[in-house]
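Please consult the sequence and the structure shown here.

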Amino acid sequence: KQIKVWFQNRRRREKQRKEASRLQTVNRKLTAMNKLLMEENDRLQKQVSQLVYENGNMKHQLHTPLMTTDTSCESVVTSGQHQPNTSTQHPPRGTSNPAGLLSIAEVTLAEFLSKATGTSVDWVQMLGMKPGPDSVGIVAVSRNSNGVAARACGLVSLEPSKVAEILKDRMSWYRDCRSLDVLTVLPSGNGGTIELIYMQTYAPTTLASARDFWTLRYTIGMEDGSLVVCQRSLTASTGGPSGSTTPNFVRAEMLPSGCLIRPCEVGGSTVHIVDHIDLDAWSVPEVLRPLYESSKILAQKMTLVALRHIRQVAHETSDEAGYSTGRQPAVLRTFSQRLSRGFNDAVNCFSEDGWSLMNSDGVEDVTIAVNASPSKNLVGHFSSTMPLLVSGGGVLCAKASMLLQNVPPAILVRFLREHRSEWADCGIDAFSAASFKGNPCDFGGPTNFSGLSGGQTALPLGHMLDKEELLEVIRLEGHGFSPVAGVLPSDMYLLQLCSGIDENAAGACAQLVFAPIDETFADDAPLLPSGFRVISLEPKTDIPSLNRTLDLASTLELGSGANRAHSDNAANSYSFRSVLTIAFQFTYENHLRDTVAAMARQYVRSVVSSVQRVAMAIVPSRLSSLDSSKSFSRSPEALTLARWTSRSYRLHSGMELFRAADGQDGESVLKLLWHHGDAILCCSLKNNASPFFTFANQAGFDM
């Protein structure tokens, strides 16, 4: 008994020691976060004081209009945006002059610090980003500033030098960065370093050109132990090139940006990140300008990504990270980067990578590009083990972009991920998978596949700390191609990356990227990514919860005033647009290139049609805004529900739920569903969650 009690006491002391250590860690985080919040509060107080002062100046200007004729007065308010004094700017100097570069670097440092900790930019905190010990940090976007700007500050358990090293390696965390070349490295003489950098970024859609930057980066240690890495573009006035000379690229300008890294007394660092960019929005079509004028999109795709990446690396280097698949975190991050960059390459199809456009079939809705030498610049995505690339073939990409009205990106991408059978063709999947196994089937075109061919199983490999990104392996049962006649089809596997589907996240971009893999799933497995990307073109305001269902039962009672009011509110709340980009890649043999191109064009059009149907089904109900004389049969929700219910019943039972339902209109089908003698209930299933019912007919409610 004494030995038993001794071991019990030992286990209890060990448990208390671990709990005390955890509480001390949380306390240190809270102390550092409290200090960060106090600094943010001081900055906000300064900003309020400045706004009050400028408001007084504005009132004085309005009451004394004669003073506005004085052209020497430079105290005119500019919407809260601090304008630098141009008289103190350095004269234009060439980039080959070290003194001129140091002068530019010092000015960049001062302007960056005024944005990171000062009031030179009118920052507005993003909704949904609440500070806390386990949160990403404090995130704000600019208001009434030149270009787009975003600011984030948070705590990380890494030393300042390590944080600076990670952030300077932009290719490791910024998925939209195509290339980054450090052309010149110069010591500044005061312990700092000056670098001249040329950077290229991908275009997010097929409707606009990519951007490139010619910048100066300045790294310097401060007297208080802080480390600063600031960066700005070199323009013609500062000795830089006047414009982009690279085909397919438009020169963008990076205004003073960077990161301020302060060591914490309790360990780790406090990081302030500022991104301020002018993307030359006037060079893109007018419908896409909100994409290039949105500071929220910049915050989600660059600023937040940087902070999340630092926190993820810090988490992986600690003992807290656990991975059941046996893969190292660095390997999983490499897979995610390869999927993202491969998809970006497919969307952009740069000519210098070997891509060339094929002639269209008269309709310009789908663009076809071919790459006869994909190994030229895509070594990270392909290997010599792919038979079609060795025996004389290449890669073909079919891509398209479309506008969606009132469709939240997170809901659409989440639906595409959970209901692959609604848009994918298993015959196309089998053709893509066979290309990686050396036995591509004789394939003439997409199959007329309307049912389900087996199940879909997801194996999560890893995710970000805040569930923003998920990497998983999808097994499609019975989708693989079997070259032996009479043999049942095998399973096929997809490596899939999904991001932006968290309804609680303050994001405006979501994407689903996947690539076929074989059963071995080696670390250097070749990948040919395809997928979807949905980006909101307008800011999200007053959007209700995304966890909603199709309220078809209420729409049956068209005379209900309460339901009409609810629909009006929903329609008004969802008045925004999104741009959807689709890109699918296929391998081909030279003698079958035209056949594969026709198949790819037809398949992408089929996917576009399916996505449009899904988008109409998940859009909020707008029945109340329609004329009362309009037939209810045009409701996309009713058509979608009736089709899904009827097909699911036929596949699982072998019998028809509605007799002669295919020849009837939507109103008749919905009435058959509603007045069916049996109780019909629609259940929604999610991974690791309890099922819940979303719809029932009249008999179901009575039951």
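With which residue does Arg217 form a salt bridge? The partner is Glu195, and the closest N and O atoms of the two residues are 2.8 Å apart.

## Basis of the model

The model is predicted: local features need pLDDT of at least 70, side-chain atom pairs count only at pLDDT 80 or more, and totals for chains, interfaces and linings use all residues. Residues are numbered from 1 along each chain as its sequence is written, and side-chain values use heavy atoms, with hydrogens and water left out.

## Overall architecture

The protein chain contains 15 helices and 22 strands; these are DSSP runs numbered from the N terminus, helices being H or I of at least four residues and strands being E of at least two. Of its 703 residues, 49% count as buried. Here buried means under 20% relative accessible area, exposed over 50%, and partly exposed in between (1.4 Å probe, protein chains only).

The protein chain exposes about 34,100 Å², of which carbon and sulfur atoms supply 53%. Accessible areas come from the Shrake-Rupley method with a 1.4 Å probe, and for residues only the protein chains shown count as cover. Among contacts (heavy atoms within 4.5 Å) between residues at least 6 apart in sequence, 66% join residues at least 24 apart.

A search of the whole structure finds 14 salt bridges, each defined as a side-chain nitrogen of Lys or Arg within 4 Å of a carboxyl oxygen of Asp or Glu.

## The salt bridges of Arg178

The side chain of Arg178 meets that of Glu352 in a salt bridge (3.5 Å, N to O). Glu352 lies in the loop between helix 6 (329-348) and strand 12 (355-357), and Arg178 in strand 4 (residues 177-187), so the pair ties together parts that are 174 residues apart in sequence. Glu352 is partly exposed, at a relative accessible area of 37%, whereas Arg178, at 11%, counts as buried.

Arg178 also meets Asp353 through a side-chain salt bridge (2.9 Å, N to O). Because Arg178 lies in strand 4 and Asp353 in the loop between helix 6 and strand 12, this pair ties together parts that are 175 residues apart in sequence. Asp353 counts as buried, with 2% relative accessibility.
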